[in-house]
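Dear colleague,

I am handing over the structure we spoke about, with its sequence, and my notes on what was found follow below. Please read the notes with the structure open beside them.

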Amino acid sequence: MIQWIETNLPHVYKIGLTGENGWLAAIYTTLYMTFWAFIIGGSLGLLTGLFLVLTAPGGVLENKTIFHVLDKVTSVFRAVPFIILLALIAPITLILVGTSLGPTAAIVPLSVATFAFFTRQVQVVLAEVDRGVIEAAQASGATNFDIIRVYLGESLPDLIRVSTVTLISLVGETAMAGAIGGGGIGSVAIAYGHGRSHHDVTWVATLIILSLIVTIQLTGDLLTRKISHR
């Protein structure tokens, strides 16, 4: 197998599996950026999406001011293309992590992009929860915290589904971040593949990204089906 790779994929073989710039390091960097950007951006997105539903007109905690502020902030970040967002918040990234280059620095714009995207996904999912279920909870004397639990419990399968979509989108954005110094598979594909016309590197990097996306999709589908059939 190794001999076949060396013969047919010489530039892939030259990069090597291990080492600071090897394939395993690139995969780890992509997973590192994806994981932390989703944890940070996803958490903020879940909270913001929840508050958008709760403070919306007719919501449990109706508050037009909070709703409009959250809505406009989300819309602004959602409208900015990711490649522009990378440059736009570079000064903030520099303040937060001390550099605007590398995988840790890339987590900042990735988290912002994930926050905006996931917020809208969560808002749509929670807004579709049966209003009768919420009213029944209120009539039974449920606290605001109890109602939040009802929202999350009723929409859990759909939340997993939109989380899957968000993760897949995020993997694509890590590849874009890698192209401008974030590292990871995207960096390998651009620097060692496209930049040097080493097409075998580009193809292998693409296959790795696709494999990661398929794994996320299959895992998300499995969890959604399992929870939906409880």
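Predicted model: local features only at pLDDT ≥ 70, side-chain atom pairs only at ≥ 80, totals over all residues.

Residues are numbered from 1 along each chain as its sequence is written, and side-chain values use heavy atoms, with hydrogens and water left out. Helices are DSSP runs (H or I, at least four residues), numbered from the N terminus.

H8 (residues 131-139) packs against H9 (residues 144-154) at an angle of about 150°, and their axes are 10 Å apart; axes here are lines fitted to C-alpha atoms, for helices over the stretch in contact, and angles run from 0 to 180 degrees between N-to-C directions. That makes H8 roughly antiparallel to H9 (the term is used for angles over 145 degrees). In H8, the residues Arg131, Val133, Ile134, Ala137 and Gln138 meet Ile147, Val150, Tyr151 and Glu154 of H9, where contact means heavy atoms within 4.5 Å. By class, six nonpolar, one polar and two charged residues make up this contact of H8 with H9.

Val60 lies in the loop between helix H3 (23-54) and helix H4 (64-79). Leaving aside neighbours within four places in sequence, Val60 touches Leu54, Ile134, Gln138, Asn144 and Ile147; Ile134 and Gln138 in H8, and Ile147 in H9, also take part in the helix pairing described above. The C-alpha atoms of Val60 and Arg196, which are 136 residues apart along the chain, are separated by 57 Å.

Thr48, in helix H3, is buried, with a relative accessible area of 11% (buried means under 20%, exposed over 50%, and partly exposed in between, with a 1.4 Å probe and protein chains only). Apart from neighbours within four places in sequence, Thr48 is in contact with Leu70, Thr74, Phe115 and Thr119.

Gly172, in helix H10 (residues 156-182), counts as partly exposed at 33% relative accessibility. The C-alpha atoms of Gly172 and Gly186, 14 residues apart along the chain, are separated by 8.7 Å.

Terms used
Helix = DSSP H or I, 4+ residues; strand = E, 2+ residues; numbered from the N terminus. Parallel < 35°, antiparallel > 145°, perpendicular 65-115°, else oblique. Nonpolar A, V, L, I, M, F, W, Y, C, P; charged D, E, K, R; others polar.
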